[in-house]
Amino acid sequence: MAEKFEEIEAMRAAEGGAEKSRYVRRMFSEIAPRYDLLNHVLSLNIDRGWRRAAIHELRIERNPDAHYLDLCAGTLDVSAMISDKHPRARIIGADFAEPMLRAGVSKTSGRNISPVTADALTLPLKDDSVSGAIVAFGIRNVADLDQGLREVHRVLIRGSRFVILEFSTPRSRAVNSAYQLYFNRILPRIGAFVSGHKTAYHYLPKSVANFPATEALAQRMRSAGFSNVSWRSFTMGIVAIHIGEKL
């Protein structure tokens, strides 16, 4: 009975709102110790390549000494990858689940990374203060997508980029069928076994199903003020990278 209630809670949280914020914060706090392992195992380690491709789109080489925001930074994987490639960049890794940041704090050693416990909807940053922002597999967890997009737009310096790496739905019927089988049946069982959390990986496919499709997300970015919005898919449409600029 308790497990069924938790599944219903995960389903409701995936739909958005204040309940989503509470659930996501608690869930990620609970799975933080094994989060990195699960990311790599469940994606067959392909996630590293996706993250590298997204970081490349930030164009940090144009301004290598500036501040960059890693939004919904989790265990600071993306922050560390940026720092390794661009050691002069100053990275702000923001996440509202402090245990996630603590789980990744070792990655800050020798790197120019500043972890900050902060909600994506109310960032503790000044207007026009960062030269680029990236979010990897976190924007669909924000309780209010449109407010989150507007908040990123607010803190970006004009001429800078916002890059979103997120799951999407494959267009091919055959690929999508296999994807849905893995995502809805196999992944939750592996995730529950490794993480010890019964519903965290039930929430994942539900949150993706409730997230805007690639074209719709691009339009939401435009509505939030971003220009030159583009996107491209990877790995047969399993993930997509969206890029927007603040002009």
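Q: Is the crossing in which H4 passes H5 left-handed or right-handed?
A: Helices (DSSP runs of H or I, at least four residues) and strands (E runs, at least two) are numbered from the N terminus. A crossing is left-handed if the near helix is turned anticlockwise from the far one by less than a right angle, and right-handed if clockwise. By that rule, the way H4 passes H5 is right-handed.

Q: What are the residue ranges of H4 and H5, and at what angle do they pack?
A: This model is predicted, with local features needing pLDDT of at least 70 and side-chain atom pairs pLDDT 80 or more, while totals for chains, interfaces and linings use all residues. Residues are numbered from 1 along each chain as its sequence is written, and side-chain values use heavy atoms, leaving out hydrogens and water. Helix H4 covers residues 47-56 and helix H5 covers residues 77-85, with their axes 10 Å apart; the angle between them is about 60 degrees.

Q: Which word describes how H4 and H5 lie to each other?
A: Angles run from 0 to 180 degrees between N-to-C directions, with axes fitted to C-alpha atoms, for helices over the stretch in contact. Under 35 degrees is roughly parallel, over 145 roughly antiparallel, 65 to 115 roughly perpendicular, and the rest oblique. H4 and H5 pack at about 60 degrees, so the word for them is oblique.

Q: How many charged residues are there in the contact of H4 with H5?
A: Contact means heavy atoms within 4.5 Å. On the H4 side are Arg48, Arg51, Arg52, Ile55 and His56, meeting Asp77, Val78, Met81, Ile82 and Lys85 of H5. Counting Ala, Val, Leu, Ile, Met, Phe, Trp, Tyr, Cys and Pro as nonpolar, Asp, Glu, Lys and Arg as charged, and the others, Gly among them, as polar, the contact has 4 nonpolar, 1 polar and, as charged residues, 5.

Q: Which strands stand at the edges of the sheet?
A: Two strands pair if DSSP finds at least two bridges between them. Here 7 strands form an open sheet with mixed pairing, in the order S3-S2-S1-S4-S5-S7-S6. Each edge strand has a single partner strand, so one side of each has no neighbour in the sheet; these are S3 (113-117) and S6 (227-234).

Q: In S5, which residue is the bridge partner of Ile134?
A: Strand S4 (residues 130-136) and strand S5 (residues 156-167) run parallel and are joined by 6 bridges. H4 packs on the sheet too, touching S4, S5, S6 and strand S7 (239-245). The partner of Ile134 in S5 is Val163.

Q: How many nonpolar residues does the contact of H3 with H8 have?
A: Helix H3 (residues 35-42) and helix H8 (residues 173-195) pack at about 145 degrees, with axes 11 Å apart. Leu37, Leu38 and Leu42 of H3 make the contact with Tyr182, Leu187, Ile190, Gly191, Val194 and Ser195 of H8. None of these is charged and 2 are polar, while the nonpolar residues number 7.

Q: Which residues of H10 meet H7?
A: The axes of helix H7 (residues 145-155) and helix H10 (residues 214-223) come within 9 Å and cross at roughly 50 degrees. These two helices are therefore oblique to each other. From H7 come Leu145, Asp146 and Leu149, and from H10 come Leu217, Arg220 and Met221.
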